[in-house]
Amino acid sequence: MAFDESGKIWFNGELVDWKDAQIHVLSHVVHYGSSVFEGLRCYNTEKGPAVFRLRDHMKRLINSAKIYRIDIPYTLDELCEAVKETIRANELESCYVRPIAFRGYNELGVYPMNCPVETVVAVWEWGQYLGEDALEQGIDICTSTWRKMAPDTMPNIAKAGSNYMNSQLAKMESVANGYSESIVLNYHGDVGEGSGENLFMIEDGVLYTPDIGSSVLNGITRNTVIQLAKDLGYEVREERIPRERVYIADELFFTGTAAELSPIRSVDKITIGQGKRGPITKELQDSLFDVINNKVEDKYGWLDFI
């Protein structure tokens, strides 16, 4: 994926040219990973471009910052407007959106509080994260040799840049071994999540997903799918899931802003179900895409039109 560098980036309250959105090499974030960020999408719906669950994403950005004592100098409303302003400035109808807040340039040292907080919003066109065929054909994944951080090591609920060094290790390992993604186990050895996705398992018509205590991010797409599944009459259970249980699942899929809802056809070379997208996964996919494309009533107010 190559960036179109002709666009604008929202940088500390002002729209600047793409190539002018720069920071100093001695910024705190470069050396210590002191950032929190979000990933969300704008969809070109039947009624025009709309950002999916904008306020929920911006609330999580603020909450992640709070956990790390990063004081973002903008309100929730201002952050939401910044996203819409950036999309309009780049004249995009559908795009991926990356808001980030980080500690900038002043001094170096582990103690971060004397460094300024910088806030940025960038947007760009981005297709299917796991490949164009992933939504229909499914992907092959493995179990990573790396583990999620224990809750008293790093806060998994915060969507922080530093946490994603763990994700990078898992992603690089899976790709090096010929897989699209991996399942990262938590510190107990139970199922956690993917490198950048939440995991769902279907067994006898019931949906299971690791609970928040399993060292997973409280994903907004995860929350969306839980609600849609309940609306369709399915039981959803959030609980600890042993590693071996995924091998005998009827269906398995990832959720996330980038991955959307991607079926999994094998884990560690063990075929899941029929080795292709299952019927409940397809039903949930259809329901999700009907909502984000505004083909059905937006009864939860998840779409924020540009």
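**View 1. Arg-243 is partly exposed, at a relative accessible area of 35%.** Partly exposed lies between buried (under 20% relative accessible area) and exposed (over 50%), for a 1.4 Å probe and protein chains only. Arg-243 forms a salt bridge with Asp-268, with 3.4 Å between the closest N and O atoms. A salt bridge is a side-chain nitrogen of Lys or Arg within 4 Å of a carboxyl oxygen of Asp or Glu. Asp-268 is also partly exposed, at 21%. The model is predicted: local features need pLDDT of at least 70 and side-chain atom pairs pLDDT 80 or more, while totals for chains, interfaces and linings use all residues. Residues are numbered from 1 along each chain as its sequence is written, and side-chain values use heavy atoms, without hydrogens and water.

**View 2. Glu-38 and Arg-60 meet through their side chains in a salt bridge (2.8 Å, N to O).** Glu-38 is buried, with a relative accessible area of 0%. Arg-60 is buried too, with 12%.

**View 3. Arg-222 and Glu-238 form a salt bridge, their closest N and O atoms 2.7 Å apart.** Arg-222 is buried, with a relative accessible area of 2%, whereas Glu-238 is partly exposed at 41%. A search of the whole structure finds 19 salt bridges.

**View 4. Thr-224, Val-225, Leu-228 and Ala-229 in helix 6 meet Leu-284, Ser-287, Leu-288 and Val-291 in helix 7.** Contact means heavy atoms within 4.5 Å; helices are DSSP runs (H or I, at least four residues), numbered from the N terminus. By class, this contact of helix 6 with helix 7 has six nonpolar, two polar and no charged residues. Here Ala, Val, Leu, Ile, Met, Phe, Trp, Tyr, Cys and Pro count as nonpolar, Asp, Glu, Lys and Arg as charged, and the others, Gly among them, as polar.

Technical notes:
Helix = DSSP H or I, 4+ residues; strand = E, 2+ residues; numbered from the N terminus.
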